[in-house]
Amino acid sequence: MEPIFLPQLFRAPERTEVLTLEMSCPDLGALMPVQGQMTVVHHGNYLQVEATAQTIVVLTCDRCLQNYNYRLQTEAEELIWLQEATLDDVATGVIVDDEADPALRETLPPNGFFDPEDWLYQQLCLSLPQQQLCSSDCSGIAVSNPPQPSQTLDQRWSALADLKRQLGSVEEA
């Protein structure tokens with residue numbers, strides 16, 4: 001998917017571009033191409049970007065560490081402010097217009113490009129579940145023979161265990 005040149009989008013019919021999504025996303029661990037639709041509308045001093053997309057990704061369960069397939073879906077909408085960055089903004093990394101709507105914090109240069117593939121990748125990453133579980137009743141890693149406390153004592157700690165026994169016998173007396 002090619003980046004969109006913003007001045008060209010401004011001259012497009014209704015200042016809108018509708019993209020049909022069919023892209024691979026190997027960095028996300030997608031098993032199939034990301035499919036959906038994206039609409040980018042140029043409103044003069046900001047872009048309105050909306051997308052609906054889905055794919056299937058391979059995740060690792062946080063409890064049992066097994067891989068499982070997960071249907072990843074997103075319905076994202078974002079407003080992106082169009083403004084030139086000043087030298088101060090570039091130096092500090094902060095680009096904020098005090099008069100702008102607080103929701104308009106993402107910025108692009110008005111004569112620059114909008115990369116729909118990168119934007120969609122970010123939205124999909126934000127849609128991943130924070131706690132990744134293969135099922136709601138996942139019991140975790142199965143342990144067949146739990147180690148006994150005497151078996152797990154590392155010999156390097158034996159001197160400390162002896163001291164603990166000595167202190168225990170002194171307190172009892």
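This is a predicted model: local features need pLDDT of at least 70, side-chain atom pairs count only at pLDDT 80 or more; totals for chains, interfaces and linings use all residues.
Residues are numbered from 1 along each chain as its sequence is written, and side-chain values use heavy atoms, with hydrogens and water left out.

The secondary structure comprises five helices and seven strands, where helices (H or I, at least four residues) and strands (E, at least two) are DSSP runs numbered from the N terminus. Along the sequence, these elements follow the order β-α-β-β-β-β-α-β-β-α-α-α. Of the 173 residues of the protein, 28% count as buried, a class defined by under 20% relative accessible area, with exposed meaning over 50% and partly exposed lying in between (1.4 Å probe, protein chains only). The accessible surface of the protein is about 11900 Å², of which 50% belongs to carbon and sulfur atoms; accessible areas come from the Shrake-Rupley method with a 1.4 Å probe, and for residues only the protein chains shown count as cover. Among contacts with a separation of 6 or more, 62% are accounted for by residues 24 or more positions apart, a contact being heavy atoms within 4.5 Å.

Strand 4 (residues 46-60) runs antiparallel to strand 5 and is joined to it by 15 bridges, with Val 49 placed opposite Glu 78 of strand 5. These two strands also form a hairpin, with six residues between them, in whose turn Leu 65 has a positive phi of about 65°.

Most residues other than glycine have a negative phi. Glu 14, although not a glycine, has a positive phi of about 55°, and Glu 14 counts as exposed at 73% relative accessibility. Arg 15, found in the loop between helix 1 and strand 2, has a phi near 55°, a positive value in a residue other than glycine, and is partly exposed with a relative accessible area of 34%.

In the loop between strand 5 (67-82) and helix 2 (87-92) lies Gln 83, which is buried, with a relative accessible area of 16%. The side chains of Gln 83 and Trp 81 are joined by a polar contact of 2.4 Å, a term that denotes a pair of N or O atoms within 3.5 Å, of which, within protein, one must be able to donate a hydrogen and the other to accept it, residues adjacent in sequence counting only if both atoms are side-chain atoms.

The structure holds one salt bridge, defined as a side-chain nitrogen of Lys or Arg within 4 Å of a carboxyl oxygen of Asp or Glu. This salt bridge links Arg 165 with Asp 162, the closest N and O atoms being 2.1 Å apart. Both residues lie in helix 5 (residues 158-172), three residues apart, which is about one turn of the helix. Arg 165 is exposed, with a relative accessible area of 55%, whereas Asp 162 is partly exposed at 36%. Leu 167 is likewise found in helix 5 and is partly exposed, with a relative accessible area of 48%. Together with Trp 157, Leu 160 and Leu 163, Leu 167 makes a nonpolar surface patch of about 420 Å². Patches are made of residues with over 30% relative accessible area and no salt bridge, like charges being joined within 9 Å and nonpolar side chains (Val, Leu, Ile, Met, Phe, Trp, Tyr) within 5 Å.

Methods: Two strands pair if DSSP finds at least two bridges between them.
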